[in-house]
Amino acid sequence: MTPITLHVNGRTLRADSEDRTSLADHLREQLGLTGTHIGCEHGVCGACTVQLDGAPVRACITLAAACQGRALRTVEGFADDPLMAQLRAAFSAEHALQCGYCTPGMLITAHDIATRLPQADEELIRLELAGNLCRCTGYRGIVRAIQRVLAERLSLPTR
Amino acid sequence: MKAAPFAYDACDSTTQALALLQPRAGDADDALLLPCSGTQSLGPMLNLRLSRPARLVDLSRIPALNAVTRQGGRLRIGAAVTHARIEDGDAAGVPDVTRGLLPQVAAHIAYRAVRNRGTVGGSLAHGDPAGDWVSVMTLLDAQLLIAGPSGERRVASSGFYAGPYTTALQAGEILAAVEVPVFSDRARWAYRKLCRKPGELADAIAGLWFDPALGVARAVLGAPDGMPHTVSGEAAVQALRDPVAVGLQLDALHITDPVQRGWHQAMLRRAWLDIDTASP
């Protein structure tokens, strides 16, 4: 067991972990942050997507030990984030979830799309979402929710 | 779906990494000591227990391996540079010297969440023939810089692969960087791949690169089952406009399945269309 210090959602959290432990398992089992979901455990489904130093990564194929000293943000860490509040409302309005299992990863990816590609059209949104699987919705609601947020943000007065 | 136990060490320098990759007293004779970086290929293999190393040596934080430097007609890209940095180009400190080829290829590797961790050196050292960098670096005849206990050595990409997942890297060595040529203003390129779903590994790859100022005409055909096949020289590459000539190359690649042959023909046809319709 190795002590691992992570800056998670603005707090510095120290917990022991085996070297082989994935970031996803460490977050869920050692730190009790079960908002990060584990699906395929080999980097295909995107359910475990979290932010590492501000950029989305797969928590199931990133070792917890490799994140020593770095900043993480899980879905629990966006309570005060205005963009995530917009996304949550849009996901609800557009029926962008049913069972909700993929939703934490979808929200982190949607946040990245809105931040990095604010002008994205439907085709680009679908391409960027290709790494997050949803077995309920058929993606239509998810794509519409992201489109809604991008449109809202583009129509805002210049900040 | 959990990795078997292994020990993990992160490194600050290449020297430290090379020392950690040496067998230690108490290691089993068959102990596998593996360098790693973003673990975007190795992570799934660990979780599926397809790979069971005794120890991982993480290179991703070594400053020298994250550096990008221009040296005359070549750009040296550190092995731990992520796909996302290459995608983002100048904004991420990776100048594009290939008239858009490397950023475009990078942008279509897997998904952004994978590109933020996965590295060019990891992909090349892993040597999955369906991976983009394997075909692209072969197309560009890139140079691979290998660091070992006795210093750095240089291997052309044509001599780096003995076969899928099999490279010139010896135990105790690491891939330090890849050097790509700086394209001239007259260079043209095309790169097409067939994926069943965006972000998946390719079923067929075709690349073309012409640079009259460098005297280069090259083509690459990439497939999941064998290492990329190159054709060089203006006449030989131009001959690949003829599907019959392409068929002979596919014979050399031992691609016999008519459906797979069709995929490769289609990718090369699209690559030629890109070359012929590209603005000069």
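These entries follow the order in which I looked things up.

**Entry 1: the model.** I am working from a predicted model, not an experimental one.

**Entry 2: four-stranded sheet, chain B.** I traced an open sheet of four strands. Its order is β11-β12-β13-β14 in chain B, and the pairing is antiparallel.

I then checked the pair β11(B) and β12(B), the latter being residues 204-211. Seven bridges join them, in the antiparallel sense. Across this pair, Trp189(B) stands opposite Trp209(B).

Entry 3: Helix α7 of chain B, residues 132-139, touches β11, β12, β13 and β14 of chain B. Its direction makes about 155° with that of β13(B). Helix α11 of chain B, residues 258-277, also packs on the sheet and touches β11, β12 and β13 of chain B. The direction of α11(B) makes about 30° with that of β12(B).

**Entry 4: five-stranded sheet, chain B.** I found an open, antiparallel sheet of five strands, ordered β4-β5-β10-β6-β7 in chain B. Neighbouring strands here are turned by 25° against each other on average, direction ignored. Within the sheet, β5 (74-78) and β10 (174-181) of chain B run antiparallel and share five bridges. Arg76(B) stands opposite Glu179(B) in β10(B).

**Entry 5: second largest pocket.** I read its volume as about 500 Å³. Which residues lie nearest its centre? They are Leu127(A), Ala107(B), His108(B), Lys193(B) and Pro198(B), out of 23 lining residues. The elements giving two or more residues to the lining are α4 (122-128) of chain A, and α4 (101-107), α5 (112-115) and β11 of chain B. I sorted the lining into 11 nonpolar, three polar and nine charged residues.

**Entry 6: chain A against chain B.** I counted 30 residues from chain A and 29 residues from chain B in the contact. The area buried between the chains is about 2,300 Å². Carbon and sulfur atoms give 55% of that area. In chain A, Arg20(A), Glu41(A) and Ile61(A) lose the most area to chain B. Together they make up 26% of what the chain A side buries.

Notes: Residues numbered from 1 in each chain as written. Chains lettered and ligands numbered in written order. Predicted model: local features only at pLDDT ≥ 70, side-chain atom pairs only at ≥ 80, totals over all residues. Heavy atoms only, no water. Pairing = 2+ DSSP bridges. Contact = heavy atoms within 4.5 Å. Axes fitted to C-alpha atoms, helices over the stretch in contact; angles between N-to-C directions. 1 Å grid on protein atoms, 1.4 Å probe; cavity = no way out; pocket = protein on both sides within 12 Å on 5 of 7 lines; lining within 4 Å. Points joined across faces, edges and corners; volume = space filled by probe spheres on them. Nonpolar A, V, L, I, M, F, W, Y, C, P; charged D, E, K, R; others polar. Buried area = accessible area lost by both parts, 1.4 Å probe.
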